[in-house]
Amino acid sequence: MANKIKGEVGFSADGQDYVLLLDFNALCELDDVVPGLMDGSAALGSPKAVRAVFHAALRAHHSDLTVTDAGRLIQEIGLPRAAELIGESCAASFGSPEGKEGADPRSRSKPGAGGVA
């Protein structure tokens with residue numbers, strides 16, 4: 001079962017449960033494939049980019065799945081649902097800047113550093 005606190009997003013397909021997680025390894029895998037993923041400027045405008053992100057997010061919990069398997073899962077659940085799950089996974093992994101004061105940990109005041117804790 002997926003744990004959103006840990007950045008995991010779950011879904012079902014093929015009668016099985018799957019978990020997406022954009023962890024550090026997934027980000028490293030996607031660094032050259034999908035520029036802008038970390039700063040939010042990524043555009044998943046191609047099917048290949050969507051499949052690459054989906055596959056990278058699956059690998060933490062389903063390391064045996066291939067890129068072709070990821071594409072098959074996307075085909076089953078539909079591209080709109082896959083895109084929605086990727087968005088949820090990004091939000092769960094990185095947080096959503098909307099409505100989150102101090103979402104960037106570098107912007108928080110540290111006790112004893114002259115700021116208000």
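Is F54 buried or exposed, and what is its relative accessibility? At 0% relative accessibility, F54 counts as buried. By buried I mean under 20% relative accessible area, with exposed over 50% and partly exposed in between, using a 1.4 Å probe and protein chains only.

Okay, quick housekeeping. This is a predicted model, so local features need pLDDT of at least 70 and side-chain atom pairs count only at pLDDT 80 or more, while totals for chains, interfaces and linings use all residues. Residues are numbered from 1 along each chain as its sequence is written, and side-chain values use heavy atoms, with hydrogens and water left out.

Rings of Phe, Tyr and Trp (its six-membered ring) pair if their centres lie within 6.5 Å; planes under 30 degrees apart are stacked, over 60 edge-to-face, and the rest tilted. There are two aromatic pairs in the structure. In one of them, F11 and Y18 have ring centres 5.4 Å apart and planes at 20°, so that pair is stacked. F11 also pairs with F54, and that pair is tilted, at 5.4 Å centre to centre and 55° between the planes. F11 sits in strand β1 and F54 in helix α2, so this pair ties together parts that are 43 residues apart in sequence. Helices (H or I, at least four residues) and strands (E, at least two) are DSSP runs, numbered from the N terminus. Put together, F11, Y18 and F54 make one aromatic cluster. F11 is buried at 6% relative accessible area, and Y18 is buried too, at 5%.

α2 has twelve residues and reaches 16 Å from first C-alpha to last, close to the 16 Å expected at 1.5 Å a residue. That expected span is 1.5 Å times one less than the number of residues. Nine of the twelve residues are buried, so α2 is largely enclosed by the rest of the structure. Among the buried ones are V50, V53, H55 and L58. What do they pack against? The buried residues of α2 pack against β1, β2 (16-21), α1 (24-30), α3 and α4 (79-94); contact here means heavy atoms within 4.5 Å.

Next, the strands. β1 and β2 run antiparallel and are joined by six bridges; two strands pair if DSSP finds at least two bridges between them. G10 stands opposite V19 in β2. The hairpin has two residues between the strands, and D14 takes a positive phi near 55° there. V9, also in β1 (residues 8-13), counts as buried at 1% relative accessibility.

The H62 side chain reaches the backbone nitrogen of V19 at 2.9 Å. Leaving aside neighbours within four places in sequence, H62 is in contact with D17, Y18 and V19. H62 is buried, at 14% relative accessible area.

Last stop, α4. Its 16 residues should span 22 Å at 1.5 Å a residue, and its end C-alpha atoms are 22 Å apart, which agrees. A82, L85, I86, S89 and C90 are buried in α4. Seen down the axis, they fall within an arc of 140°, so they line one face of the helix; the arc is that of the directions from the helix axis to the C-beta atoms. Those buried residues pack against β1, β2, α2 and α3.

Key:
A polar contact is a pair of N or O atoms within 3.5 Å; within protein, one must be able to donate a hydrogen and the other to accept it, and residues adjacent in sequence count only if both atoms are side-chain atoms.
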